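Please walk me through this structure.

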Amino acid sequence: MLATMKNVTKRYGNQTVVNQLDLTVKSGEILGLLGPNGAGKSTTINMLCGLINADEGEVMLFEQKQHTKNLSTRHELGLVTQDITLFSGLNVVENLRYVGGLYGLRGAELNARVSDVLDFIELRDHRKKKPKQLSGGMQRRLNIGCALLHQPKLIIMDEPTVGIDPQSRNHILESVKKLAANGTTVIYTSHYMEEVEAVCDRIIIMDLGRIIAQGTVNELIKNTGNESTVILTAIAPSPALTRALEEVPGVRQVNMAGNKYTIISAANSGNISRITELAGQHGGFAGITEQARSLEDIFLTLTGKSLREGNGYA
């Protein structure tokens, strides 16, 4: 295994953020790390990176014990932060050269790596521009490029596509696949389920500091496949409609986002007609469909909340 965490616990004051966590990262895989806000994802990543220490348990990375004083592991590790971390006074090439220098790259080797990365992130034509002259998507790509200069064995991408255009998002997703094809291990976190489904070989779902499910998308769906999902678009969503839907026989969970209800029922409940009747009694509906189980359905079933809900330590 490229990285392992065994019985790892981390607390902040009286709050246990990561609770006896066991996690493995396999060499060459793209591992999706999902969880609602407060699940412990960011704390887990920070311990893997050696930015903070675990209170209990063991963190191993590249066959070494990982902790804040272990600087050698950082030469094999790349971190793409959710917040863009670029030097505003330096242009694209200067940002890349500066970060490469921090990792000890010099001379011809540094020049070659900067050139390769410019091509990989497709910013050669913008190499003389400073970050404020780049689009949000280009800044994200440069942020990724800085994490790749030293050719890490493991790269952790924490929400790398937040707030960017579809073209840049597609570019980043294709880049992730290329990295894995070339042997780089990737840990990928995202609030966009479709991204995780598109690129990840294996998925871990965390909640309340623990892993509550893991496997491929198909494995996760199979393991929770005794349910069906109805999507109801209500004209007048209300607490009264929500309560009525929750009382329908067979319904296990009702989640509302705007005017869209996601209703999870036991398989073969046959309750869509009753759901339709209730929606009609509470202002009507613009659409209702039954759909195949998706990763988002699995997530809602396991955690009872969407990725954008919740507060506390991530």
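Two strands count as paired if DSSP finds at least two bridges between them. In general, strands of a sheet pair through backbone hydrogen bonds, either parallel or antiparallel. The model shown here is predicted.

By that criterion, 4 strands make up an open sheet, and their order across it is β12-β13-β11-β14, with antiparallel pairing. The edge positions are taken by β12 (251-257) and β14 (285-291); each has a single partner strand, so one side of each is left without a neighbour in the sheet. From one strand to the next, the twist averages 15°.

Inside this order, β11 (residues 227-234) and β13 (residues 260-266) run antiparallel and are joined by 7 bridges.

Helix α8 (residues 239-246) lies across β11, β12 and β13, and its direction is at about 160° to β12. Helix α9 (residues 272-281) lies across β11, β13 and β14, running at about 165° to β14.

F87, Y98 and L102 make a nonpolar surface patch of about 310 Å². Of these residues, F87 is located in the loop between β6 (77-80) and α2 (92-102). Is F87 buried, partly exposed or exposed? F87 counts as partly exposed because its relative accessibility is 38%, and the partly exposed class lies between under 20% for buried and over 50% for exposed.

Technical notes. Residues are numbered from 1 along each chain as its sequence is written. This is a predicted model: local features need pLDDT of at least 70, side-chain atom pairs count only at pLDDT 80 or more; totals for chains, interfaces and linings use all residues. Side-chain values use heavy atoms; hydrogens and water are left out. Patches are made of residues with over 30% relative accessible area and no salt bridge: like charges are joined within 9 Å, nonpolar side chains (Val, Leu, Ile, Met, Phe, Trp, Tyr) within 5 Å. Accessible areas come from the Shrake-Rupley method with a 1.4 Å probe; for residues, only the protein chains shown count as cover. A salt bridge is a side-chain nitrogen of Lys or Arg within 4 Å of a carboxyl oxygen of Asp or Glu. Helices (H or I, at least four residues) and strands (E, at least two) are DSSP runs, numbered from the N terminus. Buried means under 20% relative accessible area, exposed over 50%, partly exposed in between (1.4 Å probe, protein chains only). Axes are lines fitted to C-alpha atoms, for helices over the stretch in contact, and angles run from 0 to 180 degrees between N-to-C directions. Contact means heavy atoms within 4.5 Å.
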